[in-house]
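The sequence and structure come next.

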Amino acid sequence: MANQEFKAGYCAIVGIPNAGKSTLMNALLGTKLSIVSRKPQTTRKRVLGILSSETEQIVFLDTPGIMPRPNTLLHKSMLEDVKRSFADADVILVLAESHKSFESALPGNWDEYKRIAGTKPMILAVSKIDLAKQKTDLLPVLQHYGTMSEFTEIVPISSTKGLNLKELVKTLRKYLPVAQPFFDTEQLSDQNDRFFVGELVREVIFQMYKEEIPYSTEVDVREFKERERGKWFVSADVIVERDGQKAILVGRGGLALKTLGERARKEIEHFLTHPVFLELHVKTRADWRDNKRSLTELGYRT
Ligand SMILES: Nc1nc2c(ncn2[C@@H]2O[C@H](COP(=O)(O)OP(=O)(O)OP(=O)(O)O)[C@@H](O)[C@H]2O)c(=O)[nH]1
Ligand SMILES: [Mg+2]
């Protein structure tokens, strides 16, 4: 609409682990950018996703889940990313799952984050409403959040069913400043393919392995070569904390690692729309989650 002023700004998507933040950003962008799993704490670094239309550009910051008590240096770094996103945002979009109790749908230390937000507008998206058994189940939930003064708007959504997402964008638009786009309107992110390739390997690890394995594992893309002819070449280290975990990752006769490689390669090829040769090397780096130097080398801010 030519008579609408162009608006542009940053929107941080925040909430407890597993609230559906990454799924929402992907649904809004119409593309799979940020990795998703059924396990909490999938996102570890903030992921930037750019939504451009003729009337606005919203730069989303998909953040790691807020956990009240960080118990590793990695967790602390994840929370720093959340806080940085609060600081960078023009509007803060808080996700709370519709089917969770009010006490558990927002972070235990919500007051602390409310303070960080200060006077910035905060919108609450009540997520996963497709899980509500009946429409009437949602009413008391929306009424309850309606009494919380920090939220200027409340929008019920379902990312997987695509419910109310257009309304959500319209609502967010209201709180963006009049400005020119920050990024090229064709651009989807400011993070490079190398980053997303590592994330896709990590996503398959979150889907394939149980218990502590996904949490103890990191992926470090060592080589990423685009070739003029033939397959592109990707070599990545899969880092675990202990040798016992290495054995689980590799599996009997190397079968698990082979499956991981095949599944990750398919995801990467889909993302890059180009065939790739993927090489994975499993390495042990003792307690990397609590080692400042290791974390810095792996691209975490500490
Ligand atoms: N039924 C339903 N499930 C959803 C919806 N949105 C997300 N999920 C599921 O919720 C789980 C967590 O989704 P994510 O997008 O990874 O959640 P997140 O908030 O990014 O999680 P962290 O990165 O770990 O903090 C996945 O299994 C999703 O498929 C939704 O609208 N409806
Ligand atoms: Mg996530």
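## A salt bridge to start from

R44 and E218 join their side chains in a salt bridge, at 2.5 Å from N to O. The term means a side-chain nitrogen of Lys or Arg within 4 Å of a carboxyl oxygen of Asp or Glu. The structure holds 23 salt bridges.

The model is predicted: local features need pLDDT of at least 70, side-chain atom pairs count only at pLDDT 80 or more, and totals for chains, interfaces and linings use all residues. Residues are numbered from 1 along each chain as its sequence is written, and side-chain values use heavy atoms, with hydrogens and water left out.

Domain 1 puts 17 residues into the contact and domain 2 puts in 21. Contact means heavy atoms within 4.5 Å.

The two domains bury about 1,700 Å² between them, 57% of it on carbon and sulfur atoms. Buried area is the accessible area (1.4 Å probe) that two parts lose on being put together, summed over both. I35, K39 and R44 supply 36% of the area that domain 1 buries against domain 2, more than any other three residues. The rule finds 3 salt bridges across this interface.

## A pair within helix 7

E199 and R202 form a salt bridge, with the closest N and O atoms 3.1 Å apart. Both lie in helix 7 (residues 193–208), 3 residues apart, about one turn of the helix. Helices (H or I, at least four residues) and strands (E, at least two) are DSSP runs, numbered from the N terminus. Both E199 and R202 are buried. Buried means under 20% relative accessible area, exposed over 50%, and partly exposed in between (1.4 Å probe, protein chains only).

## Pairs across the sequence

D88 and R46 meet in a salt bridge at 3.0 Å, N to O. D88 sits in helix 2 (residues 73–88) and R46 in the loop between helix 1 (21–29) and strand 2 (47–52), so the pair ties together parts 42 residues apart in sequence. D88 is partly exposed at 35% relative accessible area, whereas R46 is buried at 14%.

R289 pairs with E241 in another salt bridge, the closest N and O atoms being 3.0 Å apart. R289 is buried at 17% relative accessible area, and E241 is buried at 5%. Shared partners also join D220, R222, D237 and K283 into one salt-bridge network.

Technical notes: Chains lettered and ligands numbered in written order.
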